[in-house]
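Reader: I'd like to go through this one feature by feature. Could you give me the general idea each time, then the case at hand?

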Amino acid sequence: MARMKFLCDAERCIECNSCVTACKNEHEVPWGVNRRRVVTLNDGVPGEKSISVACMHCTDAPCAAVCPVDCFYTTDDGIVLHDKDLCIGCGYCFYACPFGAPQYPQQAAFGVRGKMDKCTFCAGGPLQDNSNVEYEKYGRNRIAEGKLPLCAEMCSTKALLAGDGDMIADIYRQRVLKRGGRPQTWGWESAYGTTG
Amino acid sequence: MKLIKKRGANASTAAPGLGEAIDRRTFLRRSGVALGGAAVSGALPVTMMRKAHAKGASPKAGIATEMRRSICTHCSVGCGVIAEVQNGVWTGQEPDFESPFNLGSHCAKGASVREHGIGEHRLKHPMKLVGGKWKKLSWDEAINEIGDKLMQIRKESGPDSVAWMGSAKHSNEQAYLFRKMAAMWGTNNVDHQARICHSTTVAGVANTWGYGAMTNSYNDMHNCKAMIFIGSNAAEAHPVAMQHILRAKENGAKMIVCDPRFTRTAAHADHFVRLRPGTDVALVWGMLWHIFENGWEDKEYISQRVWGLDRVREEVKKWTPEETERVTGAPPDVVKQAAQIMAENRPGTIVWCMGGTQHTSGNNNTRSYCVLQLALGNIGKSGGGANIFRGHDNVQGATDLCVLSHSLPGYYGLSAGSWKHWSRVWDLDYEWVASRFDQDKVEGDKGKPVSPMNYKGIPVSRWIDGVLEDPKNMGQKDRIRALFMWGHAVNSQTRGPEMKKAMEMLDMLVIVDPYPTHAAVMNDRKDGTYLLPASTQFETYGSVTASNRSIQWRDKVIDPVWESLPDQTIMYKLAKKLGFADQMFKNIKVNSDEPLVEDVTREFNKGMWTIGYTGQSPERLKLHAENRKTFNTTTLKAEGGPADGDYYGMPWPCWGTAEMKHPGTPILYDPSTPVAEGGLTFRARFGVEHDGENLLAEGSYSKGSEIKDGYPEFKADMLKQLGWWDDLTPEEKQLAEGKNWKTDLSGGIQRVAIKHGCAPFGNAKARTFVWTFPDPIPIHREPLYTPRRDLVADYPTYADRKRFYRLPTRYESIQSQDFSKDYPIIWTSGRLVEYEGGGEEQRSNPWLAELQQDMFVEVNPTDANNLGIRDGQMVWMDSPEKAKIKVKAQVTRRVAPGVVFTPFHFGGWFQGEDLVAKYPQGTAPLVRGEACNTAMTYGYDSVTQMQETKVSLCRIRPA
Amino acid sequence: MTRLLSLFTGVSLAFIVSGCYESPSVTSYEPGVYKGAKDPLMQANKDQRAETMKKRFEMVQTDR
């Protein structure tokens with residue numbers, strides 16, 4: 001069974017934001033909600049590195065642990081999803097998440113938050129796959145169509161890898177071997193633990 | 001499981017201290033972009049919250065989805081786009097894994113092109129300005145009113161008083177029709193973005209070895225051992241090219257970036273050379289100094305294939321490490337290391353872009369890059385070459401098909417012979433074509449009388465002066481009175497206040513564009529401005545030429561939205577109104593006002609012999625599009641399948657007729673392959689000798705050539721002398737008699753030359769001494785606006801010119817004034833990944849606009865501290881020409897002390913004022929900002945009139 | 001006075017030091033049992049999907 005993971009190869013990421021707009025386009029994510037974003041370290045000086053970040057679909061997801069209404073579930077291939085019909089938009093998961101993934105569309109003035117929204121690994125939610133209602137609540141379900149997350153599929157330099165953890169680790173290892181240097185699997189330890 | 005406590009994401013960020021360097025994302029967060037923490041705090045204003053688009057454009061379950069194929073309309077990489085369409089609505093985008101160019105990848109812009117088809121900010125109907133208010137009108141009314149006004153101006157002032165500014169966003173067919181339309185109207189005042197992006201490249205490179213285009217391809221960069229980028233920020237301007245570049249790097253290639261800024265591309269380089277803006281020749285000669293000093297040049301290559309290098313040696317001798325540092329600021333060891341990397345890792349390629357081209361001596365820069373590569377023996381080799389990344393998606397095609405004021409399609413020039421060639425192709429009487437032009441001779445650039453038909457028109461960089469200049473000083477009867485801005489952003493041109501004045505002086509301004517553009521709002525015109533909604537390339541079809549000269553076929557994704565029309569239809573309507581539709585579309589079928597695109601392709605196939613746009617018939621182009629997956633992603637050669645042996649998109653030159661089945665030329669000037677299979681020699685373009693020296697190649701010829709030495713370009717008589725005349729068929733003989741490889745409409749001369757293994761255009765040496773240019777050997781010249789007064793005496797600019805492209809052009813009279821006391825900071829400009837060109841379509845696209853919400857200026861912490869400027873603070877930038885812009889300061893070490901950088905994609909503000917109220921309702925872009933070129937200054941290249949936007953001076957003060 | 005001062009110092013020290021102290025017992029939560037609707041994606045043929053995804057992955061993410 002596949003275990004779905006994300007990995008961003010910082011040696012290849014050029015902060016072009018294609019992952020961000022691909023996500024916006026695919027799921028029609030509204031202005032102000034960012035399921036994925038690119039973070040740059042040492043901006044403008046030698047050592048500058050960029051990493052594309054979204055929900056990492058953690059093993060033992062901390063968001064699930066803190067959720068007061070237990071709206072999170074993990075699919076067999078390790079994708080962490082949630083049921084928006086249960087979510088109360090409390091914001092606990094945001095504080096629990098090491099990657100700042102959960103987003104809360106604002107539905108009214110004075111900071112009342114809407115239901116939590118986050119990266120679904122393009123796997124929709126607990127509704128009929130690729131139904132209109134699933135699209136409206138969670139976005140497109142590419143996994144059900146046998147496709148991978150669009151952010152990774154459209155990455156300009158193939159820096160962002162998505163798919164079975166072993167397969168992406170293989171590709172990444174080959175790259176590291178080829179170019180030398182130390183692997184920097186940013187976020188993997190937090191997300192998937194030391195054993196992966 | 002433990003609850004992991006993390007801080008940071010929502011940690012409140014204290015306001016930074018004065019001059020503290022900051023990263024771009026933090027800057028953005030303060031600009032209002034919500035990232036993680038900001039989202040939780042509910043900091044977004046209600047107005048920011050909206051569903052991106054009308055629900056109608058979302059994919060629906062249970063409805064058949066069609067997949068349609070197009071090509072991205074942003075940059076010149078030529079990424080394949082796959083569109084999902086349901087009931088005629090563009091509902092999704094899928095990666096185009098089959099495209100050998102992008103292998104499914106996109107950048108931010110490419111991943112969001114669907115917005116073109118569903119966006120709400122498009123111009124929806126034809127409109128005109130009446131008493132300062134926008135009024136809707138029908139297409140018929142608009143064409144009638146515009147046509148009547150044009151005819152009135154023609155009668156009063158002649159055809160040259162109308163300027164037609166076209167676009168690098170045209171398809172090849174539209175670009176060709178646009179040039180033809182200007183010709184039928186009777187003017188050479190027609191131009192497009194190539195003038196202000198790579199005109200100095202085209203002129204400089206074509207005059208060195210024959211053609212002015214990228215020699216290799218993005219894919220071929222996999223084979224590089226070294227890559228040097230000068231004035232190219234590929235990571236932001238050509239992001240998908242970085243896939244190929246980083247693959248080369250992982251294969252072991254060394255990567256050098258030379259730039260005044262530490263760009264996102266530089267962040268991936270092995271070696272970074274920071275130079276002062278406008279000192280490219282000095283840097284390249286500084287590198288070449290080490291190459292010559294150490295004998296690293298390729299002596300055999302030079303003796304066989306390069307002419308005039310000894311004269312360059314004399315100039316390079318002056319560029320000792322000390323002098324190079326004095327001028328460029330680059331330390332000697334850094335320059336030496338760059339030279340050594342290039343010398344030790346061959347083949348190596350050079351990449352350059354606008355950082356090198358947009359200078360008063362841009363043609364010197366581009367030629368110096370060529371010389372560096374020639375000295376290293378890198379041209380005409382896989383993994384080598386001059387990989388000149390073009391800008392817009394079809395700026396290469398629009399240049400080839402010539403939306404330009406100084407030539408005709410295929411770089412034929414403007415001589416009577418050229419006009420006669422095209423008249424034959426058009427199947428029109430040359431006399432009729434000539435009668436369309438102003439018949440009175442004017443004083444030309446060289447002071448001699450010249451017919452307007454044979455005289456280079458006013459270029460897009462100078463249309464302002466074509467309006468403002470006294471007609472007495474101009475090389476045409478009257479000033480420009482009507483202006484078309486057809487797919488062209490005025491915020492990419494300099495001198496805002498003068499531009500505003502010029503716009504207000506025009507009798508008529510016609511903007512043809514999918515968006516209203518900055519041009520519609522930056523002036524205070526009250527009447528006589530027309531906005532005609534043009535379709536994007538996704539609403540029509542046709543061919544497009546990528547930077548590597550490959551031609552790709554786009555299918556139509558959706559029907560034109562709202563009342564927009566494709567360019568070819570608008571051109572037909574105008575031609576009909578102006579009375580030359582019958583001539584212009586003589587051999588082109590027209591279906592209810594829309595010319596048949598394939599017929600247009602076939603027509604230019606019949607005439608574009610010079611650069612081999614003759615073999616790429618619509619049928620072959622469609623075959624390539626359908627079989628994209630059969631092409632190798634490194635060589636671009638089809639391995640099996642129906643296009644077996646062809647190179648993807650038949651990169652020009654694709655010699656002869658389509659029936660000849662030439663595969664295209666993937667690498668220019670590569671003699672290791674027979675010409676019939678895509679090999680080439682350097683073009684014999686400049687005669688056979690100069691000053692008694694042989695210009696033809698010596699001992700170098702392409703594989704399989706029956707002439708085992710240099711030879712001139714092929715002519716009918718030469719075939720006879722060689723005894724090859726009888727290889728022509730009787731029909732070919734009839735058409736070829738008295739003609740040459742460029743004018744023989746049968747293609748027979750090309751066919752026979754290639755049959756004998758020869759290049760139709762001859763086999764010569766590349767020339768490093770261009771005797772027809774102001775500086776035959778490229779030399780350093782200080783920018784017009786320079787703070788280095790000590791260098792002005794040693795490296796002065798040119799003398800002012802009385803007439804140059806019909807206009808007086810100033811150099812010395814500006815440089816002689818010292819502005820550096822009041823305007824001490826060097827100012828350069830460039831691109832952002834989310835936006836392109838004038839930025840109108842991207843700033844109207846919420847998915848992109850959200851990522852860049854403020855126009856900004858990058859300031860080094862040292863300058864910020866000296867000026868008392870904090871990060872995120874609004875500042876005024878004043879130019880020595882008394883223009884000013886109000887922008888946000890971004891304090892960063894990306895720029896060196898004393899240098900500031902601004903992006904150039906913003907518009908919709910003018911000198912501190914947001915012009916949102918001046919757009920037609922609902923069409924204002926989501927993000928507006930000051931156009932940096934409002935305050936960019938005078939300065940034009942000495943060969944092409946390229947504007948100098950990569951170096952000027954400014955003053956910065958808190959706003 | 002000295003006593004008072006030392007008391008004061010002691011008290012304030014206690015306060016200061018307690019500021020540095022962090023409780024070693026972090027509340028850890030066990031995730032509860034998911035209470036939402038069933039995801040049809042979970043019922044799909046997993047092995048078949050794994051195979052399709054593998055093919056897709058090779059097309060998407062390798063440098064062909």
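Reader: Let's start with a side chain: is B:Trp307 buried or exposed?

Author: Buried means under 20% relative accessible area, exposed over 50%, and partly exposed in between (1.4 Å probe, protein chains only). B:Trp307 has a relative accessible area of 3%, so it is buried. Keep in mind that this is a predicted model: local features need pLDDT of at least 70, side-chain atom pairs count only at pLDDT 80 or more, and totals for chains, interfaces and linings use all residues. Side-chain values use heavy atoms, with hydrogens and water left out; residues are numbered from 1 along each chain as its sequence is written, and chains are lettered from A and ligands numbered from 1 in the order in which they are written.

Reader: What average pLDDT does chain A have?

Author: pLDDT is the predictor's confidence in each residue, from 0 to 100. Chain A averages 91, and 95% of the residues score at least 70.

Reader: How many aromatic pairs does the structure hold?

Author: Rings of Phe, Tyr and Trp (its six-membered ring) pair if their centres lie within 6.5 Å; planes under 30 degrees apart count as stacked, over 60 as edge-to-face and the rest as tilted. There are 43 such pairs over all chains. One of them, B:Tyr218 with B:Phe389, is tilted, at 4.7 Å centre to centre and 50° between the planes. B:Tyr218 is in the loop between α7 (199-209) and β8 (226-230) of chain B, and B:Phe389 in the loop between β13 (386-388) and α17 (395-400) of chain B, so the pair ties together parts 171 residues apart in sequence. Helices (H or I, at least four residues) and strands (E, at least two) here are DSSP runs, numbered from the N terminus. B:Tyr218 is buried at 2% relative accessibility, and B:Phe389 is buried at 0%.

Reader: Which residue has its charged end over the ring of B:Tyr798?

Author: A charge sits over a ring if NZ of Lys or CZ of Arg is within 6 Å of the ring centre and within 35 degrees of the ring normal. Here that's B:Arg781, 4.0 Å from the centre of the B:Tyr798 ring. In chain A, the charged end of A:Arg36 sits over the ring of A:Phe6, 4.5 Å from its centre.
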